[in-house]
Amino acid sequence: MLLLLTALQIWALAGAQSQEDKNKIIGGYSCIQHSQPWQAALLAGLAHRLHCGAVLLSEHWAITAAHCSRPILRVALGKHNLKRREATQQVLRVARQVPHPQYNPRTHDNDLMLLQLERPARLGSAVRPIAVARTCASPQTPCHVSGWGTTSSPMARYPNALQCVNISITSRQQCQQAYPGAITAGMVCAGIPEGGKDSCQGDSGGPLVCNGKLQGLVSWGMERCALPGYPGVYTNLCEYYDWIQQTILSA
């Protein structure tokens with residue numbers, strides 16, 4: 001059974017301080033604080049609850065998965081621990097959501113959405129955009145993914161601190177063997193063959209970074225994450241570079 005990787009459990013952005021969760025994103029580790037300055041938390045509703053991940057592309061724009069769309073969204077930048085108020089944090093309202101015009105929620109194809117921010121982000125060491133990859137990554141390219149999604153599967157446990165995990169691009173053949181008939185040109189798989197390292201529920205829309213470029217967005221996968229032979233499926237952003245640039249320039 002396939003499952004979109006939206007958050008199953010939610011937290012308030014700020015609250016009482018608590019001891020940092022020692023569990024890791026599946027097979028990963030707590031990111032060095034602000035080592036992923038493009039990482040954003042996508043907050044939904046009036047209560048500002050964590051819903052998905054997102055990625056800063058410029059001071060005016062962010063990007064996430066199209067399946068993360070909700071009527072009211074805000075982007076939290078400069079965050080590391082979601083349970084603490086941090087001097088570096090910025091929470092900006094999303095003024096406009098621009099899903100890809102061919103997004104298909106049934107097949108998960110074209111699963112990306114641009115977010116125009118109501119006001120520009122203040123850039124610095126903790127808040128910095130990342131460039132979208134113009135070329136597609138080759139199999140075995142080392143990458144990493146980050147997010148506040150569950151650190152265990154199938155039983156969900158959610159961390160306070162941002163988590164990172166090191167994985168690599170899976171070959172097209174292996175990806176199609178894992179998910180027969182489901183993989184399009186707009187998707188790319190990443191993981192490790194033996195399993196044990198993966199993004200998971202709650203990481204949707206977050207960054208897959210390869211060679212310092214934004215290569216993908218967390219999109220979908222198996223209901224139980226990190227299984228051997230079943231890599232995570234990401235939106236393959238190299239296939240959408242022109243659409244992203246044209247949409248931003250025409251705004």
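In the lining of the largest cavity, the largest share, 3 residues, comes from strand β13. A cavity here is a set of points, on a 1 Å grid over the protein atoms alone, where a 1.4 Å probe fits but cannot get out, whereas a pocket is an open set with protein on both sides within 12 Å along at least five of seven lines; a lining residue has an atom within 4 Å of a point. This is a predicted model, in which local features need pLDDT of at least 70 and side-chain atom pairs count only at pLDDT 80 or more, while totals for chains, interfaces and linings use all residues. Residues are numbered from 1 along each chain as its sequence is written, and side-chain values use heavy atoms, with hydrogens and water left out.

**Cavities**

- Rolling a probe the size of a water molecule over the atoms shows where empty space is left.
- A search of the whole structure finds 3 cavities of 30 Å³ or more, where a volume is the space filled by probe spheres set on grid points that are joined across faces, edges and corners.
- The largest cavity holds about 70 Å³ of space, and 13 residues line it, of which Asp198, Ser199, Gly221, Met222 and Gly232 lie nearest its centre.
- β13 and β14 are the elements that give two or more residues to this lining; strands are DSSP runs of E with at least two residues, helices are runs of H or I with at least four, and both are numbered from the N terminus.
- By class, the lining of the largest cavity has 8 nonpolar, 3 polar and 2 charged residues, where Ala, Val, Leu, Ile, Met, Phe, Trp, Tyr, Cys and Pro count as nonpolar, Asp, Glu, Lys and Arg as charged, and the others, Gly among them, as polar.
- The second largest cavity has a volume of about 50 Å³, and of the 13 residues that line it, His34, Gln36, Gln39, Lys79 and Leu162 are the closest to its centre.
- In the lining of the second largest cavity, 5 residues are nonpolar, 7 are polar and 1 is charged.

**The largest pocket**

- About 200 Å³ of space lies in the largest pocket, and among its 13 lining residues the closest to the centre are Thr170, Gln174, Ile192, Pro193 and Pro231.
- Strand β10 (163–169) and helix α1 each supply at least two residues of this lining, and α1 gives the most, with 3 residues.
- The lining of the largest pocket has 6 nonpolar and 7 polar residues, but no charged residues.

**Disulfides**

- A search of the whole structure finds 6 disulfides, each being a pair of cysteine sulfur atoms within 2.5 Å.
- When the bonded cysteines of the protein chain are numbered in sequence order, the pairing reads 1-6, 2-3, 4-12, 5-10, 7-8, 9-11.
- Another disulfide joins Cys175 to Cys189, with an S to S distance of 1.9 Å, and the torsion about its S-S bond is about 50°, so the disulfide is right-handed.
- Cys175 lies in helix α1 (residues 172–178) and Cys189 in strand β11 (residues 187–191), so this pair ties together parts that are 14 residues apart in sequence.
- Cys175 and Cys189 are both buried.
- A disulfide also joins Cys200 to Cys225, with an S to S distance of 1.9 Å, and its torsion of about 80° about the S-S bond is why the disulfide is right-handed.
- Cys200 lies in the loop between β11 and β12 (207–210) and Cys225 in the loop between β13 (213–222) and β14 (232–236), so the pair ties together parts that are 25 residues apart in sequence.
- Cys200 and Cys225 are both buried.

**The chain as a whole**

- The protein chain has 2 helices and 14 strands, and 56% of its 251 residues count as buried.

Conventions
Buried means under 20% relative accessible area, exposed over 50%, partly exposed in between (1.4 Å probe, protein chains only).
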